[in-house]
Amino acid sequence: SVIAESIQQNLDPARSLRRQPTAEEAPPVRARLSPVAPLAGRAGDAEATSVVEIDPPHHVNAHEPGEPGLRGLEVRSGSPGREVEASYPPGALYRERLRVHAREVRVPIRVRRRDASPARLEVIVQPCTDRFCLPPLRLAVLVP
């Protein structure tokens with residue numbers, strides 16, 4: 001079945017994964033922060049939303065995709081001394097067993113930082129279509 005093939009592609013990257021996009025090709029997924037500057041110039045906690053935009057026909061696995069071996073959506077700190085707490089939406093049921101997001105997913109986050117210097121978030125996703133999955137992508141988002 002297609003779902004078994006997709007799962008197998010995720011579990012056996014040497015055999016089935018499509019190549020990584022080249023530098024000239026835009027990845028099918030982008031991430032940004034809303035509002036753009038939740039902590040602008042100050043230390044402390046701030047709430048924001050990590051917005052992940054997904055180009056059709058791709059989708060990304062939900063944080064808890066429902067199948068072992070699949071890489072789920074994750075938003076984490078990419079800077080030392082910073083913490084990120086994320087409230088992941090469950091995703092839509094796909095092929096009766098998997099949870100995925102298509103087009104756009106909004107992840108509410110709380111960012112904690114000790115000083116006013118810029119921080120970096122990492123949004124990790126694995127874009128897939130009905131036929132194949134790309135290797136996981138690590139998207140950097142600057143928190144001014």
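Trainee: In what sense do β3 and β7 pair, and over how many bridges?
Mentor: The pairing of β3 with β7 is antiparallel, over three bridges. Two strands pair if DSSP finds at least two bridges between them, and strands are DSSP runs of E, at least two residues, numbered from the N terminus. Within this pair, V60 is opposite H101 of β7.

Trainee: What can I rely on here?
Mentor: The model is predicted, so to speak of local features pLDDT of at least 70 is needed, side-chain atom pairs count only at pLDDT 80 or more, and totals for chains, interfaces and linings use all residues. Residues are numbered from 1 along each chain as its sequence is written, and side-chain values use heavy atoms, with hydrogens and water left out.

Trainee: What is the strand order in the open sheet of four?
Mentor: The order is β6-β7-β3-β10, with antiparallel pairing.

Trainee: Changing topic, where is the cis peptide bond?
Mentor: Between P56 and P57, with omega about 10 degrees. P57 is in the loop that links β2 (44-54) and β3 (59-61). Most peptide bonds are trans, and most residues other than glycine have a negative phi.

Trainee: And what is phi at E96?
Mentor: Near 70 degrees, a positive value in a non-glycine residue. E96 is in the loop between β6 (92-94) and β7 (98-102).

Trainee: Buried or exposed, that E96?
Mentor: Exposed, at 72% relative accessible area. Buried is under 20%, exposed over 50%, partly exposed in between, with a 1.4 Å probe and protein chains only.

Trainee: What about R103?
Mentor: Phi of R103 is near 65 degrees, also positive. R103 is in the loop between β7 and β8 (104-113), and is exposed at 59%.
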